[in-house]
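Colleague: Can you put the model up? I have a few questions about it.

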Amino acid sequence: MLTAIDTPTREVRSLDGLWRFAVDHDNDGVERRLFADTLPGTREVAVPASVNDLFADENVRNHVGYWFYQRTVRVPRGWDGEQILVRFGSATHHAIVWAGDVEVGRHSGGYLPFEVDVTDHVTAGEEFRLTVAVDNRLDKTCIPPGWVTQTPDGRRQQHYLHDFYNYTGLHRSVELVARPRRHVEDVTVTTELDGTVTWDVTAPEGLTVSIAVVDKQTGETVARGEGARGSATIDNPTLWTPGVGGMYDLEITLRDDAAVVDVYLQPFGVRTVRVDGHRLLINDKPFYFTGFGMHEDHETLGKGHSDAHMIQDFELLSWIGANSLRTSHYPYSEQIMDYCDAHGIVVIDETPAVGLNWMMSGGILDSDGGTTYSAENVNDKTQASHAREIRELIARDKNRPSVVIWSIANEPDSVDPEARTYFEPLVELARECDPTRPVGFVNVMMAPHDKCVISDLFDVIMLNRYYGWYFQSGDLTSAEALFTEELQGWVDRYGKPIIITEYGADTVAGLHSIYHQPFTEDYQVEYLAMNSRVFDSFDAVIGEQMWNFADFQTKYGFARVDGNKKGAFTRDRRPKAAARYLRDRWLGMDSAAYGRRDPLAD
Ligand code: BDP
């Protein structure tokens, strides 16, 4: 899906700000046609933001079902004859949209954008009532999956197997968009290191397509071409480089004879990525990942996007020597992805397929029994949603140079032989949608090399390992030996690049001990040092992404004290001792020099 941008033929108006708001406590608001009038009550809500932490009312925070948003929108008077859309950066997890009394669209999948066409229901220069019902319920047809139960006194409770709070709301910007009725519908850009840029534009028949390649830094046109499909070569191209960036625009002009019909600018970078033995090469140079699995998670905002918080997070990543991140466990906002493209941050881009694992139960998890791949749990409908998420993620991010690996799932059950039947078509789908990038999934600790039945389907091995935390807790000596032994097994069996996508220890900021005492800052540092020794003893380990960048909110549970505390930073972004440990390590690592951002260069 293309982004909404202003061009000579397109216009975008932000609909962010305060919206009218009503919690649909009985989940009958659609039948009661709440959209057909001004919402009852006086509540307002911020867009973008999660709703959960905004109200001093537990019945709001814990509501399971529909939340109604509404605002009045004036269509600019110059938009007569244009196609008019409302574009949502995300609505978590499902949305129904009405323009006035008319339903204009529905979407499922809480972390990807969608647009609804309101052209036939609005008039240029006039106002219309825009209503959105956001539904936070997860069931077994969803990605991520979940299920809802009812208490004897009639309260609904949402259950899920993933370890982050089920924040809901309009988490990203909402925009009113005008574009020509005949317009650029899609474009795919691929590049080679000699500067060859190849494009494939989807546009209506009968229009001519002209291409200009514009250097974003200088504004100069550096190559030109004609036709919906074609290629051109940039002389002395600036390669998109980890730690630096380097972006071009593919300027597409559609014409009907001489008349310009549409102009769209697609940002891209000139870079290649490929796996070679146990290395991952970006622009034919081996890349070593330093960084984190992250979360879109902040106090008050929940999963709501904020540019200020985003910049603070990227500054901290730069300070600590991180050159990469994984969008654990769902696609991040387009603004975050734009920032990664612009500043050279390398991304492992993940679908929201998390918690597809009924073999882990107890502890923080909450399984309702049964096996993972079965009619009652992860079934054909779940797989169809999973396929849709892969398609939509790649459609959104395929032209982003920052994205170097698609992660199609986090810690699914990959021991059950049925996992193969489930995953085989999804891996094929990812490769069909994008033949240019490696495809991976993130493997759980209970599925080591001799038990995992799907790792051979993928290009890279991505492992989450908690030796010394969930196992051998407090005993780093045994942990080191066992981790080393397991990694050797992966190296021997697969000979593929291995990225440690999670390793971490919950740590309460301010707690100290001279002993190897879990939850202390001292233990977190010792734990990281042990892991570092293990990584450094294997050439095939080509990256380390510590879990997590910052403390984050989770559902309630005896293993979580106000959330997950594995952050190198606290939830309000203050460094723990671990942050200084990682900074010393990552800034001093020769192997991670390629891609390190120089804060002074900005
Ligand atoms: C892994 C999950 C991650 C959790 C983490 C943890 O991938 O979402 O938050 O463990 O337990 O299993 O901290």
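Modeller: Asn548 sits in the loop between strand E30 (541-547) and helix H8 (577-588); helices (H or I, at least four residues) and strands (E, at least two) are DSSP runs, numbered from the N terminus. This is a predicted model, where local features need pLDDT of at least 70, side-chain atom pairs count only at pLDDT 80 or more, and totals for chains, interfaces and linings use all residues. Residues are numbered from 1 along each chain as its sequence is written, and side-chain values use heavy atoms, with hydrogens and water left out.

Colleague: What kind of peptide bond joins Trp547 and Asn548?

Modeller: A cis one, with omega about 5°. The peptide bond from Val47 to Pro48 is cis too, with omega near 0°. Pro48 is in the loop between strand E3 (44-47) and helix H1 (58-61).

Colleague: New topic. Where is Asp284?

Modeller: Asp284 is in the loop between strand E21 (279-282) and strand E22 (285-286). Its phi is near 65°, a positive value in a residue other than glycine.

Colleague: Now the ligand. How far is the polar side-chain atom of Tyr470 from an oxygen atom of the ligand?

Modeller: The distance is 2.3 Å.

Note on methods: Polar contact = N/O pair within 3.5 Å; in protein donor to acceptor, adjacent residues only side chain to side chain.
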